[in-house]
Amino acid sequence: MIAAGSLRVFLAVSLAAASLCPGAWASAWTLDPSATRIEFSVRNLSVARVDGTFRLASGHVTLDDEDPSRSTIGAVIDAASVDTSEPKRDAHLRSADFLDVARYPTIAFRSTRIERADGGGHWRVTGDLTLLGRTRPVPLDVDSSTSEGTRSSAHATTTIDRRDFGMTYAGFAVGKQVVITIDAVGMNTAADASPE
């Protein structure tokens, strides 16, 4: 249950970082795995919530300031990195009941549409999230944060239904909705580059 949420989170994170980075007409950004944080939260037994994190393996963003629709975001999450601070639960999440990391070691996200949600730094990013071999569209709400020199950050949120990716283990004992929060940090790698 938590697993599905986490993957989704990971996707969201990479998208977020890319879309909010201000800069030149077209700029390339690499997401920093050590500074990007992907968190997920899911209700457990309809009472408490279980929170956890995933580690970003890699991510990139190409931002076109003049035409945001031409911007692209891609990210890969290490599925086995799921961490809820409870070793036995984490081992179960890595099993075939949830993330099945032996068969699906990564979770991937690729943007399909990026658009401004208002006149400020709010963005709407839609992309394809691939988890457990299933690809589904996922919308992300992204807010621009800070930009200093060659580094920029963004905050993104989304909610997914774990059943959309075939994660049905535990029935009603585990919540179906997984809330994902991403704080992404990007490093500018090619400012003022022409978009592809």
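This is a predicted model: local features need pLDDT of at least 70, side-chain atom pairs count only at pLDDT 80 or more; totals for chains, interfaces and linings use all residues.
Residues are numbered from 1 along each chain as its sequence is written, and side-chain values use heavy atoms, with hydrogens and water left out.

Let me start with the overall layout. The protein has 2 helices and 9 strands, where helices (H or I, at least four residues) and strands (E, at least two) are DSSP runs numbered from the N terminus. Read from the N terminus, the order of elements is α-β-β-β-β-α-β-β-β-β-β. Of the 196 residues, 46% count as buried; buried here means under 20% relative accessible area, exposed means over 50%, and partly exposed is in between, with a 1.4 Å probe and protein chains only. The accessible surface comes to about 8800 Å², and 49% of that belongs to carbon and sulfur atoms, the areas coming from the Shrake-Rupley method with a 1.4 Å probe and, for residues, with only the protein chains shown counting as cover. If we take contacts (heavy atoms within 4.5 Å) between residues at least 6 apart in sequence, 66% of them join residues at least 24 apart.

Now to the strands, where two strands are said to pair if DSSP finds at least two bridges between them. Strands β3 and β4 pair in the antiparallel sense over 8 bridges, and within that pairing threonine 62 has threonine 72 in β4 as its bridge partner. Strand β4 is also joined to β5, again antiparallel, by 5 bridges, and here valine 76 has alanine 108 in β5 as its bridge partner.

I will go through three of them.

Arginine 55 itself counts as partly exposed, at 46% relative accessibility.

Another joins arginine 70 to aspartate 64, at 4.0 Å from N to O. Here arginine 70 is partly exposed at 43% relative accessibility, whereas aspartate 64 is buried at 1%. In the third, aspartate 161 and arginine 163 meet at 2.7 Å, N to O; aspartate 161 counts as buried at 12% relative accessibility, and arginine 163 is partly exposed at 42%.

Let me turn to the aromatic rings. Rings of Phe, Tyr and Trp (its six-membered ring) pair if their centres lie within 6.5 Å, and planes under 30 degrees apart count as stacked, over 60 as edge-to-face and the rest as tilted. By this rule there are 2 aromatic pairs.

Phenylalanine 40 and phenylalanine 54 form a tilted pair, 5.5 Å centre to centre with 45 degrees between the planes. Because phenylalanine 40 lies in strand β2 (residues 37-44) and phenylalanine 54 in strand β3, this pair ties together parts that are 14 residues apart in sequence. Both phenylalanine 40 and phenylalanine 54 are buried.

Phenylalanine 98 and tyrosine 169 form an edge-to-face pair, 5.1 Å centre to centre with 75 degrees between the planes. Phenylalanine 98 is in the loop between α2 (87-94) and β5 (106-116), and tyrosine 169 is in the loop between β8 (151-161) and β9 (174-190), so this pair ties together parts 71 residues apart in sequence. Phenylalanine 98 counts as buried at 3% relative accessibility, while tyrosine 169 is partly exposed at 38%.

Finally, two backbone details. Serine 85, in the loop between β4 and α2, has a positive phi of about 65 degrees although it is not a glycine, and serine 85 is exposed, with a relative accessible area of 68%. Aspartate 100, in the loop between α2 and β5, likewise is not a glycine but has a positive phi, of about 50 degrees; aspartate 100 is buried, at 11% relative accessible area.

How values were computed:
A salt bridge is a side-chain nitrogen of Lys or Arg within 4 Å of a carboxyl oxygen of Asp or Glu.
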